[in-house]
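Work through the exercises below with the model open. Try each task before reading its solution.

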Amino acid sequence: MTPVIILTLVLVWQAVLTGYAFTLAGNAADEGARAGTAVPRGERFGVCQAAALKDLSSAWREGATVDRCGGTGTVVADVSLRVPVLFPGTIDFPVTVHGHAGTVEEVKR
C-alpha cells in the first residue's frame with residue numbers, strides 16, 4: 001500500500017507544480033503588460049521583458065521566455081514557462097505553459 005500512497009503523492013505534487021506554472025506565467029505576463037504601458041513603443045519590449053521575468057525565481061526564470069510584448073492601443077504580453085519534474089530548477093517536462101495578459105496603453109500628454 002505504501003508505494004501506491006507515495007505514487008499518489010508524487011502525482012498530486014506534479015499537478016500542483018503544473019498549476020503553479022500556469023499561475024506564474026499569467027502573473028509574469030500581467031506584470032510585463034502593465035510595465036509596457038508606461039514607456040514609449042520603442043522601449044516597450046525590453047521593459048516588458050524585464051518586468052515579466054523580475055519576480056520569477058532563478059529556477060523558473062531559466063525556462064521562461066517572453067514571446068510577445070507590444071501593440072498599439074493595447075499592450076499584450078505572452079510569457080511561456082517550462083513545467084519542471086518534481087522540483088523547479090532540475091529537469092523539465094517537454095511541456096510549456098503560456099500566460100497571456102493585455103492592458104490599455106496609457107496616453108502620454
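The model is predicted.

**Exercise 1. Determine whether Cys48 and Cys69 are buried or exposed, then characterise the link between them.**

Solution. 
- Step 1: Check burial. Cys48 and Cys69 are both buried.
- Step 2: Check the sulfur atoms. They lie 1.8 Å apart, and the cut-off for a disulfide is 2.5 Å, so the pair qualifies.
- Step 3: Look for others. The whole structure holds 1 disulfide.
- Step 4: Locate the ends. Cys48 sits in helix 2 and Cys69 in strand 1, so the bond ties together parts 21 residues apart in sequence.
- Step 5: Assign the hand. The S-S torsion is about 105°, so the disulfide is right-handed.

**Exercise 2. Find which residues touch the most other members of the largest nonpolar core, and which elements supply that core.**

Solution. 
- Step 1: The core has 22 residues, and Leu56, Trp60 and Leu81 touch the most other members.
- Step 2: Helix 1, helix 2, strand 1, strand 2 and strand 3 each give at least two residues.
- Step 3: Pick the top supplier. Helix 1 gives the most, with 7 residues.
- Step 4: Inspect Trp60. Leaving out residues up to four places away in sequence, its contacts include Leu17, Tyr20, Ala21 and Leu24, as well as Leu81 and Pro88.

**Exercise 3. Compare the span of helix 1 with the expected value, and list what covers its buried residues.**

Solution. 
- Step 1: Take the span. Helix 1 has 35 residues and reaches 51 Å between its end C-alpha atoms, close to the expected 51 Å.
- Step 2: Note the buried residues. Among them are Gln14, Leu17, Ala21 and Gly36.
- Step 3: Identify the cover. It includes helix 2, helix 3 and strands 1, 2 and 3.

Notes:
Residues are numbered from 1 along each chain as its sequence is written. This is a predicted model: local features need pLDDT of at least 70, side-chain atom pairs count only at pLDDT 80 or more; totals for chains, interfaces and linings use all residues. Side-chain values use heavy atoms; hydrogens and water are left out. A nonpolar core is a set of buried Ala, Val, Leu, Ile, Met, Phe, Trp, Tyr and Cys residues joined through side-chain atoms within 4.5 Å. Buried means under 20% relative accessible area, exposed over 50%, partly exposed in between (1.4 Å probe, protein chains only). Helices (H or I, at least four residues) and strands (E, at least two) are DSSP runs, numbered from the N terminus. Contact means heavy atoms within 4.5 Å. The expected span of a helix is 1.5 Å times one less than its number of residues.
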